[in-house]
Amino acid sequence: MDRVEGKQYFIVGKIEGINKGANFKNITVLLENEERVNLKTDDYAKNGLYIGKIFQFEVLGIKKNDSNDIILKLINAVPIEEIYDGKKLEDIMTVFYRYAPLSLTDMEKKIEACIKGINNKVLKEITDLIYQKNKNKFFTHPGGTKFHHAYVGGLAYHTLCMLKLTKPIVVAYPYLNADLLNAGIILHDMGKINEMTGVDGEYTTEGQLIGHLVMGAIDIDEAAIILGHQETEEALLLKHMMISHHGQYNFGSPKKPMVGEALMLWYIDSIDSKFTVLGDELMGIEEGEWTAPVAALDKLKFYKSKVKK
C-alpha cells in the first residue's frame, strides 16, 4: 500500500503478531491482498486487539524520526463484525480463514427456526435473549482453537449438527424433553465467544480462569433474572446442563450430568466433536489408506474403507 505523510487510511486485516518492548508496541497485520504491514501503537490493549482477529484499522501515515520513511500509526480498530454483516462479512472472513461447510446465512436461518420452535415459554425466552446478545459473533466464532470446528462459523455449525441429531433421539427416547435438550444445545458453547478471542486466537483471561461451562451458567442466571425466571426449574436445569456438558470431572465438568437431557447433551456433543474431526481426516486421504494419529481420538489411526455405499 502507498504511504503518504498525513494521509488517513482505513484497512481491513488480520492480526498475525503483537510485539512490545520497553519503548515500542508493533502489530503485524495481514491484508486482503496478502501484503503484511506493521502498525505502530501506543497501547494495543485499549482496542481489545488479539492475534488471529480481523479488524478494520484506522491508521495515519507519519514520518519516522530522523528519516524520510513513512510509518503507519494506529488510530483506532473496530472488529469487522461490528461494521459488516451477511454476505459482506462472509466474503471478508473467507479471505483469511477456513470456513464452515454451510453459509452463515443458512446456519442463521436454521438455528433461529429451532429457537422459534421451542414451545416452553421460559426456555424460549432465556435462549433467545442470550442468543440475541451474542448473535453478531456467534456465526463467525470457532468451535475450538485446535481440536474440533476450529474455523469460521465452527461454533454455529457444531451447534446446528447437534440440533439435527436430537430429532431422531427424542423419537427413540420420548421421555426426553425436546425443548430442554434443544435449548441446552443452543446455549451449551455460547460462553466460548468470550472464552476464546477467535479463529487462530487465544484464550482470554476470563476463559482461562472461569471457562465456558461456568460462563454459560452465569449468562443463564443473568438472563433469567432479567426475564423474571430466576426461580424456575427451567433456569435451574439449563444451568446444570451448562456445567455438566463435559460429562466427567477430568474433562472439566464441575458436575456430572444428573438429568436425562444433560446426559444426552454430553453424548451428542462428544459424538459431533469426534466424528467431525474424523470426517476431516478421512477427507484428506484416499480409500484404502490410513489417517495419521488423530489427537482428538486418543491418537488412534483410522482406515478409510473401499466398501461402496
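Q: What makes the crossing of α5 and α10 right-handed or left-handed?
A: The crossing of α5 and α10 is right-handed. Helices here are DSSP runs (H or I, at least four residues), numbered from the N terminus, and strands are E runs of at least two. This is a predicted model, where local features need pLDDT of at least 70, side-chain atom pairs need 80 or more, and totals for chains, interfaces and linings use all residues. Residues are numbered from 1 along each chain as its sequence is written, and side-chain values use heavy atoms, without hydrogens and water.

Q: Why is α5 called oblique to α10?
A: Their axes come within 10 Å and cross at roughly 50°. Axes are lines fitted to C-alpha atoms, for helices over the stretch in contact, and angles run from 0 to 180 degrees between N-to-C directions. Under 35 degrees is roughly parallel, over 145 roughly antiparallel, 65 to 115 roughly perpendicular, and the rest oblique. So α5 is oblique to α10.

Q: Which residues of α5 and α10 meet?
A: L180, L181, G184, I185 and H188 of α5 meet E261, M264, L265, I268 and D269 of α10. Contact means heavy atoms within 4.5 Å. By class, this contact has six nonpolar, two polar and two charged residues. Ala, Val, Leu, Ile, Met, Phe, Trp, Tyr, Cys and Pro count as nonpolar, Asp, Glu, Lys and Arg as charged, and the others, Gly among them, as polar.

Q: Why are α3 and α5 called roughly parallel?
A: The axes of α3 (residues 121–138) and α5 (residues 178–188) cross at roughly 10°. Therefore α3 and α5 are roughly parallel to each other. Their crossing is left-handed. L123, T127 and I130 of α3 make the contact with D179, L180, A183, I186 and L187 of α5.

Q: How do you know that α5 is oblique to α9?
A: The axes of α5 and α9 (residues 233–244) cross at roughly 50°. That makes α5 oblique to α9. The crossing is right-handed.

Q: What makes the second largest pocket a pocket, and which residues lie nearest its centre?
A: On a 1 Å grid over the protein atoms alone, a pocket is an open set with protein on both sides within 12 Å along at least five of seven lines; in a cavity, a 1.4 Å probe fits but cannot get out. Lining residues have an atom within 4 Å of a point. This pocket is lined by 24 residues, and K53, E81, H141, T197 and G198 lie nearest its centre. The lining divides into 11 nonpolar, nine polar and four charged residues.

Conventions. Left-handed = near helix turned anticlockwise from the far one by under 90°.
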